[in-house]
Amino acid sequence: MNVTHTGQVTYSEPVSKGIILLKIKLTKPRLVDFKAGQYLAVLLPNSDKVAYYSIASSPKKPGEVELLVKEDKFGAGAVYLYSLKDGDEIQLHMPMGSAFLREDSDCNLVFVAGASGASYIRSMIHYLDEINHLARREVHYFLGCREESELLESDFMHKLAEKYSGFHYHPAVSHQEDWDGHTGLITEVVDRIMPADMAEWQAYSAGSPAMVKAVADELIANKNLMPSKFFSDLYTPEI
């Protein structure tokens with residue numbers, strides 16, 4: 001059930017180029033029951049408008065939510081969130097969204113994100129780590145950005161890859177010459193690495209609508225993914 005919560009900002013710091021991590025302690029109500037992969041609406045002050053953001057934190061922290069906010073001088077939501085300081089009050093309407101992590105299966109997972117779309121994926125990966133479910137399946141995480149400085153939590157993801165033999169992190173950049181990792185469109189990287197038959201996999205994707213559609217088309221048409229196993233709040237394949 002969607003509920004309007006009041007919260008207090010406890011942390012606001014840059015975590016990559018053009019993106020801040022905002023931590024919000026819930027004060028009324030003090031807890032929120034949400035699923036990894038859901039999102040919320042930020043109520044903008046002195047306005048009837050809202051701004052939508054993925055909940056970047058794990059459901060294992062029900063008294064706090066975290067947001068990853070991309071700088072946008074022309075976006076009312078980003079301008080407002082960038083202006084907040086420790087102790088400032090904020091109102092949030094949540095939880096929302098149906099593209100959350102399905103926990104009724106131990107099937108293999110592929111996550112594909114572009115730039116700040118990593119916020120959506122972050123919630124699910126942190127949650128799977130906390131409940132030790134990354135040890136029970138094969139998981140591939142593809143993150144595409146223009147340059148290395150935009151990649152979110154690469155150090156943490158590399159540590160997960162060391163911790164879990166089945167977890168694979170595939171960062172890719174498209175506009176940086178001195179980069180020795182994956183390059184090009186993220187769909188091309190996915191095509192090179194993922195197996196031909198993904199009928200038993202689940203896929204979760206976030207980024208620009210065009211990128212998410214391209215990922216869905218790639219996985220469904222070329223990798224035999226079932227359309228009903230592709231999840232994104234931005235795009236729903238025809239079934």
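**Figure 1. Packing of helices H4 and H5 in the predicted model.** Helix H4 (residues 186-193) packs against helix H5 (residues 209-222) at an angle of about 20°, and the two axes lie 10 Å apart. An angle under 35 degrees counts as roughly parallel, and H4 and H5 are therefore described as roughly parallel to each other. Their crossing is right-handed. On the H4 side, the contact is made by Ile186, Thr187, Val190 and Asp191. H5 contributes Met211, Ala214, Val215, Glu218 and Leu219 to this contact. In an α-helix, residues three or four places apart point the same way, because there are 3.6 residues a turn.

**Figure 2. Helix H2 and the residue Asn132 that follows.** Helix H2 covers residues 118-130, 13 residues in total. From the first C-alpha to the last, H2 reaches 18 Å, close to the 18 Å expected at 1.5 Å a residue. The helix is mostly covered, with 12 of its 13 residues buried. The buried residues include the aromatic side chains of Tyr120 and Tyr127, as well as Arg122, His126 and Asp129. Also buried in H2 are Ala118, Ser119, Ile121, Ser123, Met124, Ile125 and Leu128. After H2 comes Asn132, which has a positive phi, near 65°.

**Figure 3. Cysteines Cys107 and Cys145.** Cys107 has a relative accessibility of 14% and therefore counts as buried, the cut-off being under 20%. Cys145 is likewise buried, because its relative accessibility is 6%. A search of the whole structure for disulfides finds zero.

Conventions:
Residues numbered from 1 in each chain as written. Predicted model: local features only at pLDDT ≥ 70, side-chain atom pairs only at ≥ 80, totals over all residues. Heavy atoms only, no water. Helix = DSSP H or I, 4+ residues; strand = E, 2+ residues; numbered from the N terminus. Expected span 1.5 Å × (residues − 1). Buried < 20%, exposed > 50% of the residue type's maximum accessible area, 1.4 Å probe, protein only. Disulfide = S-S within 2.5 Å. Axes fitted to C-alpha atoms, helices over the stretch in contact; angles between N-to-C directions. Parallel < 35°, antiparallel > 145°, perpendicular 65-115°, else oblique. Left-handed = near helix turned anticlockwise from the far one by under 90°. Contact = heavy atoms within 4.5 Å.
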